[in-house]
Amino acid sequence: DFLCISLVNGFTQLRYNLGDRTIILQTLQKIHANGNTWHSLNAGRVGNEGYLDLDGINVTQKASPGMNSLDTHTDFFVGGVSSLNFVNPMAIENEPTGFTGCIREIVINNRELNLTVTDPKGGANIGDCDGTDCGYTVCKNNGTCQVENSGFSCSCPREWTGTTCEQSIYCSQNTCGSHALCIPLPSSFSYTCACTLGWTGKYCDNKIKFYIAKFVGNSYIKYTDPFYGKRDLQYCRLSLNFTTNQTEGLIAWMGKSEHEDNDFLAIGLANGTLKVVINLGERISVPLMHNKYFTCSDGRWHFITVVQNQTCIKVYLDEELILFEDIDPQRKYTALNYGGICYFGGFEIGRKVNIVTTGLFQNEFFGKIKDVVLFQDSKKIQLMKAEGYNIHDGNSGN
């Protein structure tokens, strides 16, 4: 299998093979090979449907029956390869040759590659293309970079300030404490303080301890499982108690959530109904809905357990088995490769639940969570010792 982007006779080509045939897409227009025109290129595939977009002009290859996953276990090469003998003859039209020119801002699966001296695994014969201290991302938030004798300076849009336009003007005079993050609120020309785990108050200067975590909508906990390397990922289990009076919200997400190919197990509410979603591979997300009765948004404590035995999923609500389904009788994928990461209540600040979950869940969680247990562990997760923001002490009033 391969995926290759190349220049062919002045045109840009995307070629990929998922195991059955080579698909070729070529741009409609030639590129300007004058050495001073930047081009924007978007290329990729969804299943076996490919797309290639050069400077806003799109070419799409519609999906057809056949294989739809790219199985490659090699490094990702940019501009050339360590040996041209590695290049599959079907991946290029002419004899393979290295690229001469400039490349910047490479984003793969929503993650940007840092084209620096230290970040790549290796390389050879690479020079600085910009030639100045500006580069292309020195000034943040659409700031404009000017080269100066002493280096560079940034001209910032009016809502941003700082050497590289990295700070909101609304946070420039903030009084958030050392255990807080300043979040700008442009609509009210103000800011709010997001408190790290274990701290609360307007300026995050009150220390707290909790065993019950209270989520207020812009809250999250990110727990890293220290035993992940020893887990049998074909037999996962997650149980917890929760209470809420909201009809929408993400309660828990086992998975890295870095891009849409990551495996996950998710628990949440949709229209007041318990919703469990499993993805064991190839972006095949299987939502399981419980419609028997709408009691999960009643402000009472509910105990939920989700058990994954290869492709068989069992869901218990208040110790009653409410869902039992084999999500893939063919057993193509049987392990939950969740990366040792568990989110509760939402994701990192600035990452919206409906976007990260691609619409599977609409909102962050409002309510309380306690007694979280992974697998068959004898001890509950100590939520206090995880990472997170805006978690309140839910112990009072229970």
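**Starting from Val-78**

Mentor: Val-78 is partly exposed because its relative accessible area is 35%, where partly exposed sits between buried (under 20%) and exposed (over 50%), with a 1.4 Å probe and protein chains only. Keep in mind that this is a predicted model: local features need pLDDT of at least 70, side-chain atom pairs count only at pLDDT 80 or more, and totals for chains, interfaces and linings use all residues. Residues are numbered from 1 along each chain as its sequence is written, and side-chain values use heavy atoms, leaving out hydrogens and water.

Trainee: Where does Val-78 lie?

Mentor: In the loop between strand 6 (57-61) and strand 7 (106-108). Strands here are DSSP runs of E, at least two residues, numbered from the N terminus.

Trainee: And which residues make the nonpolar surface patch?

Mentor: Leu-7, Phe-76, Val-78, Phe-99, Ile-103 and Leu-115 make it, at about 540 Å². Patch residues have over 30% relative accessible area and no salt bridge, and nonpolar side chains are joined within 5 Å. A salt bridge would be a Lys or Arg side-chain nitrogen within 4 Å of an Asp or Glu carboxyl oxygen.

Trainee: Switching topic: what order do the strands of the open sheet have?

Mentor: It's 4-5-6, three strands with antiparallel pairing. Strand 4 (41-46) and strand 6 are the edges, each pairing on one side only; pairing takes at least two DSSP bridges.

Trainee: How many bridges join strand 4 and strand 5?

Mentor: Six, with strand 5 covering residues 49-54. Asn-42 stands opposite Asp-53 there.

Methods: Patch = residues over 30% accessible without salt bridge, like charges linked within 9 Å, V, L, I, M, F, W, Y side chains within 5 Å. Areas by Shrake-Rupley, 256 points an atom, 1.4 Å probe, with all protein chains shown as cover. Helix = DSSP H or I, 4+ residues; strand = E, 2+ residues; numbered from the N terminus.
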